[in-house]
Structure formats: structure tokens, C-alpha cells
Amino acid sequence: MPDLELTRHYDAPPEQVFRAVTDPAMLMQWWGPEGVTVESGDLDLSRTGPWGSVMINAEGGRYKVTGQVTHIDPPRSVGFTWAWHDDTDARGAESHVTFHVEAAANGGTTFRLMHRDLPDPEAAENHNRGWTSSLRKLDAILAS
């Protein structure tokens with residue numbers, strides 16, 4: 001199964017980056033690709049247990065994703081399962097996401113997003129585009 005890994009460097013301290021990628025209010029500011037809005041839901045990666053979000057694109061298409069936060073180790077990492085729902089709300093194949101946050105040797109923070117166990121190369125490419133777009137929004141938040 002294909003895996004995906006994206007890395008960013010931020011001038012912000014690890015605690016600030018970790019809060020940006022786990023706190024519900026912060027997640028709502030960058031979660032989902034550019035041009036997509038997120039309905040309020042259970043988008044909380046700051047504690048173990050269920051999470052979920054519904055993303056809505058410009059044409060009104062709705063995309064539901066849910067999972068379980070499996071571990072949280074502030075301010076170093078958070079891991080969660082990930083599965084899209086289809087039009088009948090049936091949950092699809094489950095994959096695993098981990099956000100790693102660590103102090104960089106040259107200052108600031110290194111952030112790594114790992115998305116494992118994607119079902120096929122097409123899913124990996126789609127998630128690469130989606131996460132890359134989402135991370136551009138996170139980049140802007142952490143740069144301000």
C-alpha cells in the first residue's frame with residue numbers, strides 16, 4: 001500500500017506548531033484543500049477518541065472523513081485513522097495519519113505529515129494534492 005510523507009519547516013516553536021495541528025479552532029482555519037470549507041463537526045485532534053469533518057467544495061459537493069485519534073504526545077506527535085465516507089455514508093478503506101513535530105537543529109520546527117496504508121497509487125496522489133493544498137493554508141497561518 002502506498003505511503004505519503006510531506007515535510008515543512010516553520011520558524012514557530014514546536015508548541016505553537018503542535019497547537020496549530022491539534023486544536024479544534026486552529027484546525028478549522030487550515031483543514032481541507034484551498035477553496036473548500038469545513039462544516040463544524042468533531043474536528044479535534046487534541047485528545048484520543050473519535051474525530052470527523054465534512055468538507056464542502058465550491059460546487060456544493062460534500063466530502064465526509066472520520067476516524068479515531070489513536071495517540072497524542074504533546075508537543076511531539078498525534079496519530080489518527082482516516083476513512084472517507086461514500087454517498088450512502090458507508091465508511092471506506094481506513095488509512096493512518098501521523099503529524100510529527102520536532103525542534104529543528106537550526107531553530108524553529110520541523111513538521112512531518114505521514115499518511116500510511118493508502119489503498120492505491122491514485123489515492124496517494126489525490127491525498128498528496130489535498131494535503132499539499134491544506135498545508136499551504138497552515139504555512140500562511142504559521143508565517144503570520
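**Aromatic rings**

I began with F80, which is buried, with a relative accessible area of 1% (buried means under 20%, exposed over 50%, partly exposed in between, with a 1.4 Å probe and protein chains only). A reminder to myself: this is a predicted model, where local features need pLDDT of at least 70 and side-chain atom pairs pLDDT 80 or more, while totals for chains, interfaces and linings use all residues. Residues are numbered from 1 along each chain as its sequence is written, and side-chain values use heavy atoms, leaving out hydrogens and water.

Next I looked up the aromatic pairs and found 14 in the structure. Rings of Phe, Tyr and Trp (its six-membered ring) pair if their centres lie within 6.5 Å; planes under 30 degrees apart are stacked, over 60 edge-to-face, the rest tilted. One of the pairs is W31 with W51, edge-to-face at 5.6 Å centre to centre and 80 degrees between the planes. W31 sits in the loop between α2 (24-30) and β2 (37-39) and W51 in strand β3 (residues 49-56), 20 residues apart. (Helices, H or I, of at least four residues and strands, E, of at least two are DSSP runs numbered from the N terminus.) W31 is buried at 2%, and W51 is buried at 3%.

W31 also pairs with F80, this time tilted, at 6.4 Å and 50 degrees. F80 belongs to strand β5 (residues 77-84), so this pair ties the loop between α2 and β2 to a part 49 residues away in sequence. I noted that W31, W51 and F80 are members of one aromatic cluster, along with Y10, W30, W82, W84, F99, F111 and W131.

**R8**

Is R8 buried or exposed? R8 is buried, with a relative accessible area of 18%, and I found it in strand β1 (residues 4-10). Its side chain makes a polar contact with that of D139 at 3.4 Å (N or O atoms within 3.5 Å; within protein, one able to donate a hydrogen and the other to accept it, and residues adjacent in sequence counting only if both atoms are side-chain atoms).

**Second largest pocket**

I checked what lines the second largest pocket: V54, R62, Y63, K64, W84, H85, D86 and D87. On a 1 Å grid over the protein atoms alone, a pocket is an open set of points where a 1.4 Å probe fits, with protein on both sides within 12 Å along at least five of seven lines; lining residues have an atom within 4 Å of a point. Strand β4 (residues 62-73) gives the largest share of this lining, three residues.
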